Amino acid sequence: MAPIQVAPLFSLAAPDDVEEETSDVALLHRISVELIGEQDLGELYSKIVAAAVTITQSQFGTMQRLCPPGDPSGHGGELQLLAHCNLPPEALEFWRWVSPAAHSSCTMALRFGQRAVIPDYEQWDEISGTSDLEAFRQAGIRSAQTTPLLSRSGKLLGMISTHWAVPHEPSARDLRLLDILARQAADLLDRTIAEEELRRLNESLEVRIEVRSRELLAAENQVRQMQKMEAIGQLTGGVAHDFNNLLTIIRSSAELLGRRELPRDRQQKYIDAISETADRAAKLTGQLLAFARRQALRPEIFNAVARVEAVADMLRTVVGARVDLIVTSEGEGCCVEVDASQFETALVNLAVNARDAMNGEGRIEIAIVPADGVPARRGHAAAKGDYVKVSVVDFH
């Protein structure tokens with residue numbers, strides 16, 4: 001999130017009224033009221049910084065969060081600026097992300113895990129000659145203190161820093177009040193981090209669920225295609241036999257057409273036989289291609305009676321010549337909304353199972369009748385409504 005700039009919200013009274021108007025208890029009470037009454041997270045951060053500036057009577061203030069290793073921001077181990085008070089715009093880039101290698105009070109506190117006070121940056125040998133010192137000079141900062149934000153379990157969460165435009169060292173009273181404020185800020189930051197982690201976990205869980213759902217859907221589609229291919233395998237023998245018969249008719253008719261003495265009417269008869277047989281072969285090929293086509297579920301509305309009768313020839317090929325397949329129906333308005341390919345696959349599988357149950361000889365009846373409900377079965381509750389029942393019964 002972008003750091004928030006605020007002005008101090010808790011003004012101190014004039015020096016002669018300090019004891020009466022701005023006692024420590026009264027000040028902490030006002031700060032607590034302000035924090036409790038604020039619901040916006042960004043405003044809470046800003047009010048914490050404003051309170052720190054008020055307590056220490058400093059000119060600048062910052063609140064930072066310690067990004068954990070592997071943070072999605074790519075700044076793991078660095079301090080992220082959450083809110084600030086009175087920092088000039090040219091100084092924001094310096095504080096937006098602070099590396100542990102930088103020279104400042106917050107990095108000293110990060111290094112040692114405790115409060116760091118720098119009374120005068122110009123007198124700090126370690127920062128002398130660095131770009132960090134030049135950044136402080138440009139911002140008008142001469143001294144600073146940083147109070148760590150520790151969770152109740154002792155984990156370092158972030159920092160609260162105050163900065164002065166002149167050499168300065170905070171009093172014991174200032175540091176005591178900062179400790180109290182830091183406890184409130186740490187609790188807030190700890191809760192915020194926990195909520196963010198929970199949100200990321202939920203988002204990650206949603207992604208995993210979505211990926212798993214896609215995998216299950218793909219597996220389900222694969223199973224359906226395997227079932228369809230198994231049914232096609234059952235068709236292979238019968239289809240090969242049918243095609244052989246069709247080719248025999250075409251071949252013999254072509255041979256007869258080759259006779260010179262053949263009358264014109266006989267020639268036309270054989271030509272018609274070839275044409276009709278080719279049409280039957282094309283129809284059978286079209287049925288196989290439509291049946292084998294891989295596609296997603298596409299429910300459509302069609303007449304179940306008409307569809308069963310349309311695939312009856314293919315079903316007779318499946319069951320063989322020794323099985324008599326009969327289609328019966330009650331009413332012509334038995335329309336259903338279902339994936340046509342899956343509907344046909346179910347019919348083929350039922351016909352094959354019925355044929356195998358009769359050892360390849362007997363009678364199969366497919367009945368299509370209206371129904372006013374679906375009975376309870378396999379843990380599914382019964383349902384009332386307008387349905388169509390398609391039953392496959394074998395008689396040996």
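Tutor: We begin with H103, which is buried because its relative accessible area is 18%; buried means under 20% relative accessible area, exposed over 50%, and partly exposed in between (1.4 Å probe, protein chains only). Please note that this is a predicted model, in which local features need pLDDT of at least 70 and side-chain atom pairs count only at pLDDT 80 or more, while totals for chains, interfaces and linings use all residues. Residues are numbered from 1 along each chain as its sequence is written, and side-chain values use heavy atoms, with hydrogens and water left out.

Student: Where does H103 lie, and which residues does H103 touch?

Tutor: H103 lies in the loop between β4 (97-98) and α5 (105-112). Helices (H or I, at least four residues) and strands (E, at least two) are DSSP runs, numbered from the N terminus. Contact means heavy atoms within 4.5 Å. Not counting residues up to four places away in sequence, H103 touches W124, E126, I127, T130, D132 and F136.

Student: Why is α5 described as largely enclosed by the rest of the structure?

Tutor: The description applies because six of the eight residues of α5 are buried. These are S105, C106, T107, M108, A109 and L110. Their cover includes β2, β3, β4, β5, β6 (143-150) and β7. After α5 comes G113, with a positive phi near 70°.

Student: What is the largest nonpolar core, and which residues have the most contacts inside it?

Tutor: A nonpolar core is a set of buried Ala, Val, Leu, Ile, Met, Phe, Trp, Tyr and Cys residues joined through side-chain atoms within 4.5 Å. Here the largest one has 26 residues, and L79, W95, Y121, I141 and M159 have the most contacts inside it. At least two residues of this core come from each of β2 (60-66), β3 (79-85), α4 (89-96), α5, β5 (116-118), α6 (131-139) and β7 (156-164). The element that gives the most is α5, with four residues. As for I141, leaving aside neighbours within four places in sequence, I141 is in contact with F60, L87, W95, Y121, F136, H163 and W164. A second, separate core of 25 residues includes A83, L177, A186 and L188.

Student: How does one describe two packed helices?

Tutor: Two packed helices are described by the angle between their axes and the distance between the axes. Axes are lines fitted to C-alpha atoms, for helices over the stretch in contact, and angles run from 0 to 180 degrees between N-to-C directions. In this model, α10 (residues 312-319) and α11 (residues 340-357) pack at about 30°, with their axes 9 Å apart. From α10, M314, L315, V318 and V319 meet L347, V348, A351, V352 and R355 of α11.

Student: How many disulfides does the structure hold?

Tutor: A disulfide is a covalent bond between the sulfur atoms of two cysteines. The criterion is a pair of cysteine sulfur atoms within 2.5 Å, and the structure holds zero disulfides. For C335, the nearest cysteine sulfur is that of C334, 7.8 Å away. C335 is partly exposed, with a relative accessible area of 46%, whereas C106 is buried at 3%.

Student: What may be said of the chain as a whole?

Tutor: The protein chain has 11 helices and 12 strands. Of its 396 residues, 38% count as buried.
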